[in-house]
Amino acid sequence: MSGFSGYIASRMIGDSRVPQHIQNMVIREYCRQRGLTFKLSATEYAVPHCYLMLEKLVDELPAHDGIVAYSMFMLPRRAERRRALYDRILSAGCALYAACEDLALTCEEDARRWEDILAVQHALHPEQS
Amino acid sequence: MNDHIPQSQRAFFADDEAELANAFLDGVHIIRPAEDRTALDRIQAHLAATAAGILDVAVPDEPTEFLDTIHDRVTVDRLNDFRLAVFRALNDQDWLRPAYLAVARKAIETIVGNELAMQRRVNLSIQLPDDDSSLLPVHADVWSGDSPYEVVLWIPMVDCFATKSMFIAPPDIDRAVQDRFTEFEGKTAEDVWREIEPHVRFLEVPYGSYLLFSQNVMHGNRINREATTRWSMNCRFKSVMSPYADKRLGEFFEPVTLRPATRLGLDYRLPGGFEE
């Protein structure tokens, strides 16, 4: 275990574009406030619906303590795909954080909370999927 | 009281719902006794105990008196750090938001709906007597990123009245001023205040009651010229499926009462795969 990897986007997050250095600043500050050791960030490929970098970070667990994503809205659109990611992260004894939303996913109940937010957001804004 | 409910819908409202809805639309606010006094007292007691802990003094037997006189223990230059410390400690409590909603739950369900998104952190205001560092100039929250579908549940932790309370513009004055808002180009929020000042009402909201208002109308506070300190909390609610503005789902709002039919709808996938 050696700290948390950042996860930033190179494509739109919902209807917003956030420069990568700003995403990194937010993640670094979030880690500082939470007392989390921050390692480098991985940048997701710009190809729509591609999650190769996220899959790589999850595959590497538990080599690091977990992942700090810039936003929860960077996660895959399909609920079953997110579910599989949560299961792999939690079964590795690791955690997922969303810096922008200040939300932690460290247990099954957290996963339900995240899914309620994401499901409503996708229902209200299917065009952002 | 005006009847704002269309005749075609009136029969769908119970009398007490119609009365509340009309009162809210008449004044864009209501002030009512707390629906769950136990929940309110728990919040107040925890607030006072938290503040006492931060100040390293004994937990008070009389929370209202302790809070009212906090200016004897906290100076203006320490006020914001103190407020933030209390705010963080309060919001760390898992029970806080359910208790907060319980204070006005039936009214909110009547005015907003029973499927709610709630602000993730309950705000705390402390206004010491004669302190000009904690003022909220006249504003409507919709001007700064809130959705017009939101309401604010404002709960005093002490008796709030006159300048110790907040003011709100009457709906007709508010509408008239917002309709000619471009006339204020090049001026300041203080000019807007001077325009509405003769008409505003400082709301009398004693401890044990709550204020529910639409933040689409202008409101704010002035220097507290009363002898005691104001403590109030506020939190926004909206119907979970109504439009969001810049205060987004996830970072600002969170669903708290999703209903079964909505859960089924969110989970449903239409069968597919047929070829023409």
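Author: Happy to. Let's begin with A:Pro62, which is found in the loop between α2 (52-60) and β3 (66-69) of chain A. Helices here are DSSP runs of H or I with at least four residues, strands are runs of E with at least two, and both are numbered from the N terminus. The peptide bond that leads from A:Leu61 to A:Pro62 is cis, with omega near 5°.

Reader: Before we go on, what kind of model is this, and how do the labels work?

Author: This is a predicted model, in which local features need pLDDT of at least 70 and side-chain atom pairs count only at pLDDT 80 or more, while totals for chains, interfaces and linings use all residues. Residues are numbered from 1 along each chain as its sequence is written, and chains are lettered from A and ligands numbered from 1 in the order in which they are written.

Reader: Thanks! Where does A:His49 lie?

Author: A:His49 sits in the loop between β2 (38-43) and α2 of chain A. Its phi is positive, about 65°, although it is not a glycine.

Reader: Is A:His49 buried or exposed?

Author: A:His49 counts as exposed, because it has 10 C-beta neighbours inside 10 Å. The rule is that 20 or more other C-beta atoms within 10 Å of a residue's own make it buried, 12 or fewer make it exposed, and anything in between is partly exposed, with C-beta atoms placed from the backbone.

Reader: And what about phi of B:Val28?

Author: Phi of B:Val28 is near 50°, again positive in a residue other than glycine. B:Val28 is in the loop between α2 (15-27) and β1 (29-33) of chain B. With 20 C-beta neighbours inside 10 Å, B:Val28 counts as buried.

Reader: Which residues of α3(A) are buried?

Author: A:Leu85, A:Tyr86 and A:Ile89 are buried in α3(A). Seen down the axis of α3(A), they fall within an arc of 100°, so they line one face of the helix. That arc is taken over the directions from the helix axis to the C-beta atoms. The face turned away from the buried side carries the exposed residues A:Glu80 and A:Ser91.

Reader: What do the buried residues of α3(A) pack against?

Author: They pack against α2, β3, β4 (95-98), β5 and α4 of chain A. Contact means that the C-beta atoms of two residues, placed from the backbone, lie within 7 Å. Just after α3(A), A:Gly93 takes a positive phi of about 75°.

Reader: You mentioned α4. How far does helix α4 of chain A reach?

Author: Helix α4 (residues 108-124) of chain A has 17 residues and reaches 25 Å from its first C-alpha to its last, close to the 24 Å expected. Its buried residues include A:Trp114, A:Ile117 and A:Leu118. What covers the buried residues of α4(A) includes β5 (103-105) of chain A together with β10 (253-255) of chain B.

Reader: Nice. Which strands form the open sheet in chain B?

Author: Three strands do, in the order β6-β5-β8, with antiparallel pairing. β6 (201-202) and β8 (219-220) of chain B stand at the edges with a single partner strand each, so one side of each has no neighbour in the sheet. Strands pair if DSSP finds at least two bridges between them. Two bridges join β5 (residues 167-168) of chain B to β8(B), and B:Ile168 has B:His219 as its bridge partner there.

Reader: Last one: which residues is B:Val103 in contact with?

Author: Leaving aside neighbours within four places in sequence, its contacts include B:Ala34, B:Leu40 and B:Tyr210. B:Val103 counts as buried, with 26 C-beta neighbours inside 10 Å.

Note on methods: The expected span of a helix is 1.5 Å times one less than its number of residues.
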